[in-house]
Every structure is written in structure tokens, then in C-alpha cells.
Amino acid sequence: MGAREVNLDLLITGARVRTFDARAPWAGAVGVVDGRIAWVGDAADAPRASRMIDAAGRLVTPGVIDSHNHLLLGFDEDAVSLEGATTLAEVRRRISAFAARRPDLGWICAENAVYSIVEGRRPNADDLAGLDPLGRPIFVTTYDQHSVWLDANALRALGIAGGGDLAWGRPERDADATATGWVTDFYTSAMTVAGLAALQRDIPMYSPERRYRKLRGSMRMATSLGITTVVEPQVPLAELPLFERALAEGVLTSRVIAALFHPVGADAAFRAELRGAVDRAQAAPDADGLLRLGPLKLYADDVIEPHTALMLEDYANRPGVRGRPSYPGDAGRELVSVVTELERLGFQTHTHATGDGGIRLALDAIEQAARTNGTVDRRHGIVHVECLHPDDLPRFAALGVTAAMQPRHCSPDLVAGTWMENVGEERWSRAWRFRSLMDSGATVAFSSDWQVGEMDPLVGLYSAATRAGLDGAAAWTAPERVGVDRALAAYTVDGARAWHLESSRGRLAPGMDADLVVWSGDLYDHAHDPAGLLGEHAELTVVGGRVVHSAGGVADAAGGVAGHDPVAAGARGTDEHVHVH
């Protein structure tokens, strides 16, 4: 049967189509049948179609695969957003104003504080004093979710002012053993069974209903930004029902891969629970392929800003301090044991490691596990890879390990001050080595780490191309820049490969899932001036052949808006807590 005898469900023409298919990397049109790509080629040769979309002047690409996106950490309308607050005075102003507006709340919660809010030291409880005349406790998370800042009322409410521990973090104490109000190791502890139970009991922001509300908002945003597959990298077993509910209620407009959390200290019985949950999901997959379980989230270390990531040498501004591994004692041996056992059980791992010492621990564990089990092509991932020792760079390709990295994290407006000073200028050349890893042959899968960074992949493309702040100023470590095409590949082709999905996603070729994006313009027009990327947007998002988001600017053959979805379209700019560029 000739090409023109095929009847397509949907044909998109008029655009430049970047297929990332080696046989035909560029095309002029793409056609869909039954949720899959059925035809790619020149518009003049296109088969008949039941529906046509004219995307003249635009770019079509495979859908974005965001390989590390915390859907459960979206903005909370009952909390204070500290995004953009760079001074203690501004933090105090926002919290005080919110407390005055919301006398109905039992706790005052805030999100997204930066570490450098007080120069030269950690923030403490006194810095939050006098903000609420009702005397309610104040709970603040940092932008990376790895530390918490409490006021004196919160310290008393939690019973840790003069002693005692928390199930969801490590309270810092002064020389008199008095809690300072700063809590480290938050996210590694908060998602354990005991930590989450304590949070849900004590902190209203972590109630299941508020977490589900965040999931819904984050999902709408992802779909509106051209993200067709989201990897939620840390789902506690206790919160898996939130995703099952989202699937049942039609909230999952983009596909979700949920990485289940394996906490430090978990035993064989817990691993059996994880295996059982994944096996049950695989035995009864949803018909549309919108929810998948499988990878497991581990931690090799913490984060650089509070000096808790593991470094091979002392922090530049803390002589004698090198951070610590997440696993106590002989951390290397214990992490090797855990990864080896998980790999034996058939799991792919997704391990957080930021310091050069933590990254080495993770690589060593993966190498030893493969040697012990005799496995190949498991495609374990190491996420963040912020400070990479030169000796470890070639090991990613050699071991088949994915570097799951976030371009926005290297922006000077986020890392100037605390990160740069802690690491020291002599080690800046090790920072976020996108280009070097790609050149080595490693799989580099880009992601947002929402809400640590903006979810918008266009911000990621811009950051990868410039390594500058969003205002274009203060670019650094220029040799590690990568251009638009290479960055798009890291969000598509390499994102699919990271999760063993290269046969169904990441490219536009016959037989692949019809997950694609029509961008508002041709992103390649901004290759030499990446600032223009920040002015573009996802015009149309298609998942499984279904239009799940339309910004309203692309007309179909009948002259109407193509697949306009008022819920998805409302994800951009209608909620005061949605911050996209």
C-alpha cells in the first residue's frame, strides 16, 4: 500500500521536525496512528489524515523527558514562597505578611529559602523571631529540600529545643547543646517510613491532601511545558497511593516514572516490599502507559551548600571538614552491599551524589555490583554530579552509568557565594561537566530537579548553552557549555536511553510513541543568542497521539484551536504559584 493510501489520525505539517532518527534527522511533517508515529517525511509526500495541524514556522521535537522532577514538591498555596528572596529582611517581610493574612493556619510554613540568606553563617531561630503575633511555629525548607529552618516556637513544639532528635532530620546544636533552629539531612530522612509519619503528624504541609494538591499542580505544569515523561525521583512507598489516585482521576496528563525511595538502613523485608510493589504494577499496567514503577532512589551523600556532601579533600572554607557519606561506618562497603543486592533483585538505581567523594562512592558501588552479579547494561544513574574528579569522568561511559544532570544548577545566580566558596575556585573546573561527559561517550540525561530549579526545559536549554544567570550575566566555566541540539538530545534521546525506553521514546520515527512537542518558534534560531530561548514556549504537547496541552496558537484544518485543553492550558500563568519562563 502506498504512502498516500495510509489514513493518519493526525498530521502535523509546516514545521521543521527534528526527529533525532539517524536515518532521517530532519523532516517536514509527522503523522500519527493509534498513538504511535506512523509516518515522517516531506509534507508534499504525506498520506491523507483525518486531522491536520499547520505548524508553520515552528519546530517539532520529541517530547521532553525530564529525568529528575519532584512532582510532590510543587508550590503550596498554604505556604510562603521565598523564591527570589535573597535577604533576611525580605524573608521576614514575606513570612510576617503571610502570617497576618492567614490566622486560620496552625503552623506557618515557607519554601525555597537560599542558604546564603545570612552572610557568613547558618540562619538560626532568632532570625525568625517576632514574625507572628499569634506565636505559631514557623517551619522553612531550603530550595533544595535538604535543610530546614525553625523558629523558637517550632523548636518547642517539636520538643527539641534543649535536646532530643527528629525522625526527619538532624538538628544542629551549639556548644551548650541548644538547638540552633537549623536542621540538616532533611530530605534523606523525611521520606523514610518513620520520618514521613512524623512529618505528617507534626507539619501540616506534609498531609496527604496537600501533597496530592502539589502533585496535581506540578503535573499540569509539566504537560504545559512540553514534558511528556516525568521521572519522579523519590516516592516513599507510603505515598505511592497518591500516584495511583492521580492515574485513576485522570491527573496524569504526561507519563510518569516513579522511582521508589530506598532509605539508608532498609532491610531485606523492606526490599521485598519494594519488589512486590513493582511486580504488581508490571503485572497490571495501565492501558495508556501513563504510570510506571521501577528504579530505586539511593543517596551516596548530601549537598555541598551546608558542607554535608562528601568531598575527597577538605572544603575550601572549612579546614578539616570533608562532609560525610549517607551510609554510616564503612560507607563504601555498605553502599556496595546495597547496590549489589538491589541489582541482584533486578533493580536499576538512581543515586544522589554531589561531592566528588560521593560520586566516587557511587561509581565504586556500581562497578563492584556489576562485577559480583555479572550484569550488563543495567544503566544505573547518578544524579546531580555537581563536582566530578577528573579521574572519575571516564568511568561513566566505561560502566554504562547515566549522569542525570540539571543545567540550571550551574547558573551563577544559584551557586555564587555558598557553593562556589565551599568548593573553592581551584575545583570549579570540576563543576557540572556536561560537555566533557558527553564527549566521553557517557549518557547525560538532562532534567529540572523541580522545584529546586525551574521546571521549564527552555530554561535548561538556555543554561546549558550559556552557564549564565537568567539575566545573561556572570557566565562561568564556559568550556562545559553545550549547544541547543546537544542539549535537546539530552532531554530526549538520552533521556529515553537512561530509562531503557530508546525503542519507544526520544525519537520521532515510525513505531515510536507519539509523544511530541510543537514549540512556539524554531529553537535553533536562537543557537547563537540563547537568551531568545526564554521567550519561546511549548505551543502544543502531544502524549500518545493525544493533544494534552495547547497554548491556542496552532490552528487545525477546521480553523479552530488544536486540541485545546482548558485544564492543561491553565497550567501556565494562571496560578500565582506557577513560576515559568
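**Entry 1: Thr-184**

I began with a polar contact of 2.9 Å, which joins the side chains of Thr-184 and Asp-185. The model I am reading is a predicted one. I placed Thr-184 in strand E14, residues 179-184. Is Thr-184 buried or exposed? Its relative accessibility is 3%, so I put it down as buried, the cut-off for buried being under 20%. Leaving out residues up to four places away in sequence, I found that Thr-184 touches His-146, Ser-147, Gly-169, Arg-170, Glu-172 and Arg-324.

**Entry 2: the whole chain**

I then looked up the protein chain as a whole. I noted 17 helices and 24 strands in its secondary structure. The C-alpha trace spans about 80 × 55 × 50 Å along its principal axes. A compact globule of 581 residues would have a radius of gyration near 25 Å, and the protein chain has 24 Å, so the value agrees. Of the 581 residues, 59% are buried. Among contacts with a separation of 6 or more, 72% are between residues 24 or more positions apart.

For the surface I wrote down an accessible area of about 20,800 Å², with 50% of it belonging to carbon and sulfur atoms. For charge I have 56 positive and 77 negative side chains in the protein chain. The centres of these two sets lie 2 Å apart.

**Entry 3: helix H14**

How many of the residues of H14 are buried? Ten of the ten are, so I describe the helix as largely enclosed by the rest of the structure. The buried residues include Pro-457 at one end of the list and Thr-466 at the other, with Gly-460 and Tyr-462 also among them. I looked for what covers them and found, among others, E8, strand E15 (227-235), E21, H15 and strand E22 (516-519).

At the start of H14 I found a side-chain oxygen of Asp-456 that reaches to within 2.9 Å of the backbone nitrogen of Leu-458. H14 is followed by Arg-467, which has a positive phi, near 50°.

**Entry 4: helix H15**

H15 covers residues 484-491, and six of its eight residues are buried, so I also call this helix largely enclosed by the rest of the structure. Which residues of H15 are buried? I listed Val-484, Ala-487, Leu-488, Ala-489, Ala-490 and Tyr-491. Their cover includes strands E7 (59-62), E8 (64-66) and E21 (444-446). It also includes helices H13 (434-439), H14 (457-466) and H16 (493-498).

**Entry 5: backbone angles in loops**

Most residues other than glycine have a negative phi, and most peptide bonds are trans. I looked up some exceptions.

Where is Gln-451 found? I found it in the loop between E21 and H14. The peptide bond from Trp-450 to Gln-451 is cis, and its omega is near 5°.

Ala-177 has a positive phi, near 70°. I placed Ala-177 in the loop between strand E13 (170-173) and E14. With a relative accessible area of 36%, Ala-177 is partly exposed.

Ala-474 also has a positive phi, near 60°. Ala-474 sits in the loop between H14 and H15. Its relative accessibility is 55%, so I count Ala-474 as exposed, the cut-off for exposed being over 50%.

How values were computed. Residues numbered from 1 in each chain as written. Heavy atoms only, no water. Buried < 20%, exposed > 50% of the residue type's maximum accessible area, 1.4 Å probe, protein only. Helix = DSSP H or I, 4+ residues; strand = E, 2+ residues; numbered from the N terminus. Contact = heavy atoms within 4.5 Å. Rg over C-alpha atoms; globule rule 2.2 N^0.38 Å. Areas by Shrake-Rupley, 256 points an atom, 1.4 Å probe, with all protein chains shown as cover. Lys, Arg positive; Asp, Glu negative; His and termini not counted. Charge placed at Lys NZ, Arg CZ, Asp CG, Glu CD. Polar contact = N/O pair within 3.5 Å; in protein donor to acceptor, adjacent residues only side chain to side chain.
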